[in-house]
Amino acid sequence: MAAFDIHRETVIKADPARIQALVDDFHQWQQWSPWEGLDPAMERTYSGADRGIGARYFWSGNRKAGRGDMEITSVTSQAIGIRLNFEKPIRNTNQVTFEFIAQPEGTAVSWRMTGERTGLMSFMAKLMPMDSMIGKDFEKGLAQLKAAAEA
């Protein structure tokens, strides 16, 4: 198995609570998620809590968007934890963490995803590191989260 840890961060000129509100409510992800525009016809379903622990988001879209679900598993004043399950194009479960640290110039926000690539994906990790595949999406998402939070 090939473990991976993808991490990106930025500073957003907004209060941590403002930024957290955009992350712990899956309905808000359409404003900033880098994957929301992959399929204009993507189907979305929300269940569980409206926001925070127990909130769930299911999506099903074209080949680029794939299919899967997310559930918020932990929330503190400084972090949000999410279990991310992919069904398509490749079945996998990862852990996602957003951290929010207040600073004089705003809030330091970090986005991290950890997991393991198994089977054929483990072999492919040698040719195509996860950071190369997903890192740019995290950068785009953080830039869009920054724009939404600072608006």
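The legends below describe close-up views of a predicted model.

**View 1. Helix α1 and its buried residues.**
Helix α1 spans residues 16-23. Its buried residues are P16, I19, Q20, L22 and V23. These residues lie on the same side of α1, because they cover an arc of only 155 degrees around the axis.

**View 2. The N-terminal end of α1.**
D15 caps this end of the helix. A side-chain oxygen of D15 lies 2.9 Å from the backbone nitrogen of A17.

**View 3. The salt bridge between E139 and R8.**
The model holds eleven salt bridges, and one of them pairs E139 with R8. The closest N and O atoms of the two residues are 2.7 Å apart. E139 belongs to helix α3 and R8 to strand β1, so that the pair links distant parts of the chain, 131 residues apart. E139 has a relative accessibility of 42% and counts as partly exposed. R8 counts as buried, at 18% relative accessibility, because buried means under 20%.

**View 4. The salt bridge between D24 and R51.**
Here the closest N and O atoms are 2.9 Å apart. D24 sits in the loop between α1 and β2 (43-47), while R51 sits in the loop between β2 and β3 (56-60). The pair therefore ties together parts that are 27 residues apart in sequence. D24 is buried, with 12% relative accessibility, whereas R51 is partly exposed, with 38%.

**View 5. The salt bridge between R56 and E71.**
The side chains of R56 and E71 meet at 3.8 Å, N to O. R56 is in strand β3 and E71 in strand β4, and the pair links distant parts of the chain, 15 residues apart. Both ends are partly exposed: R56 has a relative accessible area of 25%, and E71 has a relative accessibility of 22%. Salt bridges that share partners join R56 and E71 with D69 and R83 into one network.

**View 6. The largest pocket.**
The volume of the largest pocket is about 830 Å³. Its lining is made up of 30 residues. Those that lie nearest the centre of the pocket are W35, K64, F86, P89 and I134. Two or more lining residues come from each of β3, β5, β6, β7 and α3. Helix α3 gives the largest share of the lining, with four residues.

**View 7. The surroundings of N94.**
N94 is part of strand β6. N94 is buried, and its relative accessible area is 4%. Leaving aside residues up to four places away in sequence, N94 touches F4, I82, R83, L84, F86, M113, T114, G115 and E116.

Definitions and conventions. Residues are numbered from 1 along each chain as its sequence is written. This is a predicted model: local features need pLDDT of at least 70, side-chain atom pairs count only at pLDDT 80 or more; totals for chains, interfaces and linings use all residues. Side-chain values use heavy atoms; hydrogens and water are left out. Buried means under 20% relative accessible area, exposed over 50%, partly exposed in between (1.4 Å probe, protein chains only). The arc is that of the directions from the helix axis to the C-beta atoms. A polar contact is a pair of N or O atoms within 3.5 Å; within protein, one must be able to donate a hydrogen and the other to accept it, and residues adjacent in sequence count only if both atoms are side-chain atoms. A salt bridge is a side-chain nitrogen of Lys or Arg within 4 Å of a carboxyl oxygen of Asp or Glu. On a 1 Å grid over the protein atoms alone, a cavity is a set of points where a 1.4 Å probe fits but cannot get out, and a pocket is an open set with protein on both sides within 12 Å along at least five of seven lines; lining residues have an atom within 4 Å of a point. Grid points are joined across faces, edges and corners, and a volume is the space filled by probe spheres set on the points. Contact means heavy atoms within 4.5 Å.
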